[in-house]
Amino acid sequence: MPPPSLVDLLRHIAREEPLTATVRAFRGLTREHLGQLLAEAADTLAQGPPVSAASEPVLEPAAAPSPTVESAAPIPPGSGLNRVRVYSDGAARGNPGPAGAGAVLMDTQGAVIARLGKFLGHQTNNHAEYMGLLLGLQHARTLGAREVEVYADSELLIRQLDGRYQVKSATLKPLFQEAQKLLKTFSKVKLAHVPRAQNAEADEMSNRAIDERL
């Protein structure tokens with residue numbers, strides 16, 4: 001039997017190891033979040049070297065996700081809202097495992113416009129990350145937003161969207177293209193990778209989606 005690859009080792013550790021000493025060493029880090037970080041690191045390694053935006057792959061069309069289940073938007077659809085901040089996240093317990101997508105939309109002053117969540121069944125964390133983004137972007141379009149700022153704590157997601165990483169996963173390719181199509185409908189787009197602590201509300205929605213089967 002050939003020796004395991006680094007990607008295989010990281011994924012095994014993310015799934016099986018308790019990592020108790022590591023969790024104790026970093027205040028505020030949970031076992032679940034540590035497992036997600038290791039799984040994301042494995043996925044990033046599996047993607048291969050980054051590429052320039054000019055070599056962005058041409059992908060097959062993809063279906064949009066189902067409508068969101070939970071929304072609390074005080075602004076009516078089609079209101080012509082100019083700019084929206086979309087904080088998106090995804091969670092998968094076990095990676096793959098029970099998964100949820102979450103997004104929180106805010107105005108430029110930081111006031112919450114909508115909280116969105118959707119249970120995804122058995123999926124990977126990266127699948128859930130893309131689904132959270134799609135939920136947020138679709139709702140921003142429903143509100144009539146013309147500009148969008150996207151904030152996510154998945155470095156892989158942001159770097160794939162801005163063209164620095166290739167999308168080699170067959171399951172992520174259709175989600176990637178759907179996200180690209182939605183982003184092109186806005187007149188101005190900002191993509192930003194943020195620390196998990198700055199994405200806590202979207203993280204809460206993705207986990208609520210699992211707990212409450214939203």
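1. Is S88 buried or exposed? S88 is buried, with a relative accessible area of 0%; buried means under 20% relative accessible area and exposed over 50%, with partly exposed in between (1.4 Å probe, protein chains only). S88 lies in strand β1. Helices (H or I, at least four residues) and strands (E, at least two) are DSSP runs, numbered from the N terminus.

2. The model is predicted: local features need pLDDT of at least 70 and side-chain atom pairs count only at pLDDT 80 or more, while totals for chains, interfaces and linings use all residues. Residues are numbered from 1 along each chain as its sequence is written, and side-chain values use heavy atoms, with hydrogens and water left out.

3. Helix α4 covers residues 125–142. At 1.5 Å a residue, its 18 residues should span 26 Å, and the end C-alpha atoms are 26 Å apart, which agrees; the expected span is 1.5 Å times one less than the number of residues. Of the 18 residues of α4, 16 are buried. After α4 comes G144, whose phi is positive, near 85 degrees.

4. The largest nonpolar core has 36 residues, and those with the most contacts inside it are V84, L105, L137 and L161. A nonpolar core is a set of buried Ala, Val, Leu, Ile, Met, Phe, Trp, Tyr and Cys residues joined through side-chain atoms within 4.5 Å. The largest share of this core, eight residues, comes from α4. L137 touches, beyond its neighbours within four places in sequence, V86, V148, V150, A179, L182, L183 and F186. Apart from this core lies another, of 10 residues, among them M106, V194, A202 and L214.

5. The second largest pocket has a volume of about 180 Å³. On a 1 Å grid over the protein atoms alone, a pocket is an open set of points where a 1.4 Å probe fits, with protein on both sides within 12 Å along at least five of seven lines; lining residues have an atom within 4 Å of a point. The volume is the space filled by probe spheres set on the points, which are joined across faces, edges and corners.

6. The lining of this pocket includes L37, E40, D153, H193 and R196. α3 (31–47) gives the most to the lining, with four residues.

Terms used. Contact = heavy atoms within 4.5 Å.
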